[in-house]
Structure formats: C-alpha cells, structure tokens
Amino acid sequence: MRLKTSLLKEPKHILCHRKKHDLVSCVGWTTADELYSCSDDHQIMKWNPLTSDTTRLVKLPDDLYPTDLHWFPRSSGGKKQSHSESFVLTSSDGKFHLISKLGRVEKSVEAHCGAVLAGRWNYEGTALVTVGEDGQVKIWSKSGMLRSTLAQQGSPVYSVAWAPDSEKVLYTSGKQLIIKPLQPNAKVLQWKAHDGLILKTDWNSVNDLILSAGEDCKYKVWDSFGRLLFSSQLHECPVTCVAWAADGELFAVGSFNTLRLCDRSGWSYALEKPNTGSIFNISWSVDGTQLAGACGNGHVIFAHIVEQRWEWKNFEITLIKRRTMKVHNVMNDAEDSLEFRDRVIKASLGYGYLVVSTSLQCYVFSTKNWNTPLIFDLKEGTVSLILQAERHFLLVDGGGLYLYSYEGRLISSPKYPGMRTDILNAQTVSLSNDTLAVKDKADEKVIYIFEALSGKPLGDGKPLTHKTEIVEIALDQKGLTSERKIAFIDKNRDLYITSVKRFGKEQKIVKIGTMVQTLAWNDTSNILCGIQDTRFTVWYYPNTVYVDKDLLPKTLCEKDGSEFSRNPQIVRFVGNQITIRRADGSLVHLNVSPYPGILHDYVRASRWEDAVRLCRFVKDQTLWACLAAMAVANKDMATAEIAYAAIGEIDKVQYINSIKDLPSRESRMAHMLLFSGNTQEAETLLLQSGLIYQAIQVNIDLYNWDRALELAVKHKTHVDTVLAYRQKFLEDFGKKETNKRFLQYAEGVSV
C-alpha cells in the first residue's frame, strides 16, 4: 500500500501585492470530492481534486490569520446529511468564526487571549472545544455560547481531540498529554508523552487509540489509558501533524517535506518526500481513500491510497489505480483486470467471492468468473466495513447494517437501540451463516446477537451480557445454528466462549484462555486460534468445555510465539494456514495440523468409524482427546469409550460402561448429562421421566443433601433412604447431625 501524491506547479494561495507564497494553515473535506483550504493570505479556497479545479470562495479580513478548520459533523441528532453545511475556523486574533459552506461568516466569538490554536466539534455536533495560547480549554455550545472553561494552565495548548463518546477531551500541555472528563471532579489522566513540545494529537473513535507528534521528531501511538503501543524512529525534523483515517485502520504523519502512511499499530506503509515545506495539517476524506495536507510553501498536497492488497487461497488482488484492480491467480499465473465506474472505497475477499464497494455501487465477483460481476446500487455511499461469511456478506455504512446474499438480494437490516454504525470495525462485529453479533459502544459489556435471515434478535431477544468490558468478538463459522458459539476477549485479556442460543436458561460463559492478544476462527471448521502471552495456541475443539472440562488442556496445541514480537494480530485462518501480522508490519505464515479439520468433517457427517480410523492412523493424543469430547457431545458412547481408553482416562471408560448397562433410555441420557457436569439438567430429565428415586440418588451421590431431602419430602417417597445415607455419611466422618431439617425429619421417621 502506498500514497500517490499530486501537487500543482504553482501554489494557489498567494498574496497578490507581495507575490509571496503564504503558508496554508488548515484543510478540511466537505464531501469525498471537495476540499476547503485556508491560508495566511486570508483566502478560503475550494478544491476539486478530480478535475483539479480551484475556486476562491471568500476573502477574509486582513487581520484574520486562520489556525485551524473543522467541518460540522455530517451525522448530527440522528439525521444523516450527505455533506457538511458549515465549519468552525479559529484564528490568531483570539476569535473563532462559524462560517457557512458559501463562505458567509455567520458568527465570530471572542474566545481566548492570544491566538486560538485549535477548534474541534464533538462527534454529535452538540459541542465545540477550543484551545489557545492562553493555556485555556473551553467548551462551547453549537451556537457559540460558552458552556465551561475545562482547564487553565501556564503554557499554550497546541492541539485538542474529543474522546469517542464525547465525554472526555484530550489536549496537549508542553511535553504532557492530558485526558480530562467533562464531569467535574472526575479523575484526570496525565502522562509525559514526548521529550519535546507536543504539536499535534488525534483520537480515533473506532479503535479508541491516540496519536501524538512532537518536536522530539517522533510520532507515537497510545491506548486510551496512556499506555505506549508504538514509538517511531527519530525523523530529521519535528513531526508537525498526525491524523487518523475515519475507520481507524490507517493514519498519516506530516513533517518537513515528508508525508508518511502508517498502519494503526504504528509501522509505516509508505514514505513520500514531496516538496511541500512543513505539512501543518492533514485531513482525510470521509471515505478514507484520500487525504490532503496544508503545506508551509503555499501548496495543498493531495494523496490517494493505491496498491492495497487482498489475498485468499491462490488469489492476490491489488488496487492499482483508483478505479482499477488487478487479479493474480498464483496457481496458473493468470491475470485479470477489473474496471469500475467510480473509485473503490472498500473491498473484501473470501469464501470464493470478491465484494467491492465504490462510492455509489457494490460489485460482487465470483472467483470462478471475473467477467460478469453482480452490481447493485448503494443507498448511503460510504461503506465503512465489509464482512463475509460463506452464504452472505454484511455492509456497514453511516445509515446502518445491511446483510446481502451473494446474488445481491438484501436479506435483512438488523437494528438495536442507540445504534452507531460509524464506530464498528472487524473486532466489534462478527458474521456467520446464520448469526450476526455486534458489540455495543454505549455499554461495552453487551453483545447484541441477531438472526441473520430475519434481522431479529436471537432467542428471547435479550443481548449477551458479560461482567467486564469486551474488546473483541468472533463467531464460529460451521456446524448447526443451535450449537453456534461466540468467543470474545474482555478488557483483562481473558478469552471466553459461550453459546449464542439463549432461551430462558442462562448459558454458562466459560473462560478458556488468559492474556489473549488476538483470536480467529477457522473458515471451514470450528477450530479457534489465538496468541496468549508468548504462546501461540490452537483450540482444536473449544466445545470441550461444555462436555468434559478436564479434557480441554489435552485438546490444545501450543507453540512458542516469541518470534511474533509485541502486539501481533491474526489476519486470517484459512484451511490449515494462519497469517499473523507482527508489530513491524511483516507477515508470518504458520501451518497447523490438517487432521483436526478432517476429524471435524467426519464428525459433522457422523462417520464415527472413519474418525476412529483417522485417530489410530495419526496416533496423536490431542486428536483422541478431541474425538472423545466430540463423541460425548454427540452422545455416541461407543466411540467415546474407545477414545477415552486411548488417552488413558480409565475412570471415564468405566463410567461410560456403567451408563451403557442402565435399563431405560432416560436414565442413560441423564447420566450422560451428569458426565458433562450438567447436574441440574440431569435431575430435571429424571424427574420429568418419573424416575424420582434416581433423581434423589444422583443428589446423594453428589452430597447435595438438602436437595435430596427436599425431593424426597416433596414426592413423599424415600425419605428414610436419604436419612440412612446421611447417617452413614456422618458416622464415617465421626460427626454429629447439625442440620435442623434432617433433625426434624429424623424424629418422625425410623431408619
């Protein structure tokens, strides 16, 4: 991936009477094809990068030197506007100005002593924050009325940014970064971020990460707790600006004659050395395909992203121009070229299909035939995320979530209360053939789960709720809907798994890993991989936790993961190949054993004899452990007995044999539930089948004395048996009866 830059021969911002190039201080996009720029020549210019047209919009007063410009957010109060209607312009005379799209100054407000150095609207457009040379941070209403002075300090504040929820403000203070909540008396977070003055900062609403750039010639990436995730090498000159792309996957860095494109984890995709002077301000277009920079020598630099690459199995697809893709099949070296009417915004390749969204349309190509794509029009335009499953794909744009079949038919459009689609990414949305899961931003402990075909909430309609905030979610891709599982990582980096189907009964959320950085499900079988601490781990059959918890460690495959360095990310897990991106941007490919995948296929098709044959051929304890758990889950006790014997679990073999000898089907089922640790369900099944004595005996065997007595009294049977067992139990341990209920019944019953 790299940037293709363009500069005009002569700068447009020029002072007529001095014939001098004036620095451009700020730029901002209205739509994806229209940019406004302001300069020290007091002019506001309008640019169209496609046609290279520039028009002078308005000449500002001669004493007004602009410092920052920010367009009013496009989605405000739930209404989605196709373009912004007004912007705030801050200037060196201590004022900020609200200016309409046509260049009319609607209002000027005295804000600071000395220059106003930056101004930013919050994401809802309900408040404006300004910072100045006087060291003050002020919050204003939409109409320009002062609401509060958030902070005062002795040094100028050069840059400011809103938190994703608009509840906190991040600003600079010399070498420090400060996050201050709007609520009074709330805890302020402050840390030393650079060795020199911090010139620029930005906070992304999707990934919740913070960028900072300083005079120490470095740029850094932080999380919202102030922990350093990445620090760049020393540049030749101070880093003058940084800016996130809207979707949080990329950011741009500007310095003297330098423009850099970086990945969200910090490493650099591309470095350009244009003749610009210092770049003071970078603004990304709404769709994230291009950016503009305000240059010190009077130029405005434009750059759009090319050479993005998508890979799947034997196909490699590259975006070579804005509207052209090249397809390369590495098996036979065949190449195809795909032309589009408008510029490409997002694309996704997987499951045999390439889905491409342009600014107005969506194209669906089959990898078997590149010549005849299916094309349909988009409602909203700027698609921010494409997710694929085997049978359908999901488009996320500013208006909502839309699920389409690969034939281009709209299947459903799920909705949930307080939905904000602009902040969803691949970590917070997951799709499988029958289910869609979305992590909510308003309450980070909640996951909304929808039925894919109807778009309605699954089960009893209640979302899945966890005890701490959730960071990343992923649905498994194969198997029956009733057995669909969701894996998620919470804020403490613990990995949990739970079932998606919830009807009344509370499904257990089980922890299966700790210190997990990243996770991915396999595309063809329900195998989960993740990186825990310094170990790369594959859970060959995560469902084991619901069948036989003690067996889970035996179904894992662990490798040393120290080669992946800090903060690696799993890109994909296709077939038996896993692709991991290291912190420096390099890709590492790992292969895992193909046998667990084959075993999953056999079990799905109920080919138990073939499964046993495979395990005998491979002679691997991990595979036998997986088969044992799969057999118990599918109630195939003959196979379970063979598999448990192979891994030396003799006690379980004996228990399975005792289950086989039970007379009735119901009691066999109940004891199989007991085997998996589901005591409540086993008891319910026995009671429903009228096997009261067995239900009581189960509780006695588990030393649930109170419950055993309760059942005996309720059904007026075997009270004496329960008391006899209790008496023997106490005698064995030389204890006296202290339980009041047992004493009460012992008086009335002779044992």
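**Strands, rings and cores in a predicted model**

Strands β4 (residues 24-31) and β5 pair in the antiparallel sense over six bridges; two strands count as paired when DSSP finds at least two bridges between them. Helices (H or I, at least four residues) and strands (E, at least two) are DSSP runs, numbered from the N terminus. The structure is a predicted model, in which local features need pLDDT of at least 70 and side-chain atom pairs count only at pLDDT 80 or more, while totals for chains, interfaces and linings use all residues. Residues are numbered from 1 along each chain as its sequence is written, and side-chain values use heavy atoms, with hydrogens and water left out.

The protein chain contains twelve helices and 59 strands, and its C-alpha trace spans about 115 × 65 × 45 Å along the principal axes. Of its 751 residues, 55% are buried, where buried means under 20% relative accessible area, exposed over 50%, and partly exposed in between (1.4 Å probe, protein chains only). Contact means heavy atoms within 4.5 Å. Among contacts between residues at least 6 apart in sequence, 43% join residues at least 24 apart.

Cysteines come next. A disulfide is a covalent bond between the sulfur atoms of two cysteines; here the term is applied to a pair of cysteine sulfur atoms within 2.5 Å. A search of the whole structure finds zero disulfides. C26 is in no disulfide, and the nearest cysteine sulfur, that of C38, is 4.4 Å away. C26 has a relative accessible area of 0%, so this residue is buried.

The aromatic rings make another pattern to follow. Rings of Phe, Tyr and Trp (its six-membered ring) pair if their centres lie within 6.5 Å; planes under 30 degrees apart count as stacked, over 60 as edge-to-face and the rest as tilted. The structure holds 27 aromatic pairs. One of them is edge-to-face because the rings of F72 and W121 have their centres 4.9 Å apart and their planes at 80 degrees. This pair links distant parts of the chain, with F72 in the loop between β8 (66-71) and β9 (75-76) and W121 in strand β14 (residues 116-121), 49 residues apart. F72 is buried at a relative accessible area of 9%, and W121 is buried at 5%. The rings of W244 and F251, with centres 5.2 Å apart and planes at 70 degrees, are therefore edge-to-face. Both W244 and F251 are buried. Elsewhere, F315, F340, Y363, F365 and W370 form one aromatic cluster.

Among the helices, α2 (residues 595-604) has the buried residues P596, G597, L599, H600 and V603. These residues lie on the same side of α2 because they cover an arc of only 160 degrees around the axis, the arc being that of the directions from the helix axis to the C-beta atoms. The buried residues of α2 pack against α3 (608-618) and α4 (621-633). After α2 comes S606, with a positive phi near 55 degrees.

Finally, a nonpolar core is a set of buried Ala, Val, Leu, Ile, Met, Phe, Trp, Tyr and Cys residues joined through side-chain atoms within 4.5 Å. The largest has 45 residues, and those with the most contacts inside it are C529, F536, I578, I580, L599, L627 and Y644. Helix α4 gives the largest share of this core, ten residues. Leaving aside neighbours within four places in sequence, C529 is in contact with residues including T518, F536, W539, F573 and I578. A second, separate core of 19 residues includes L674, A682, I700 and L723.
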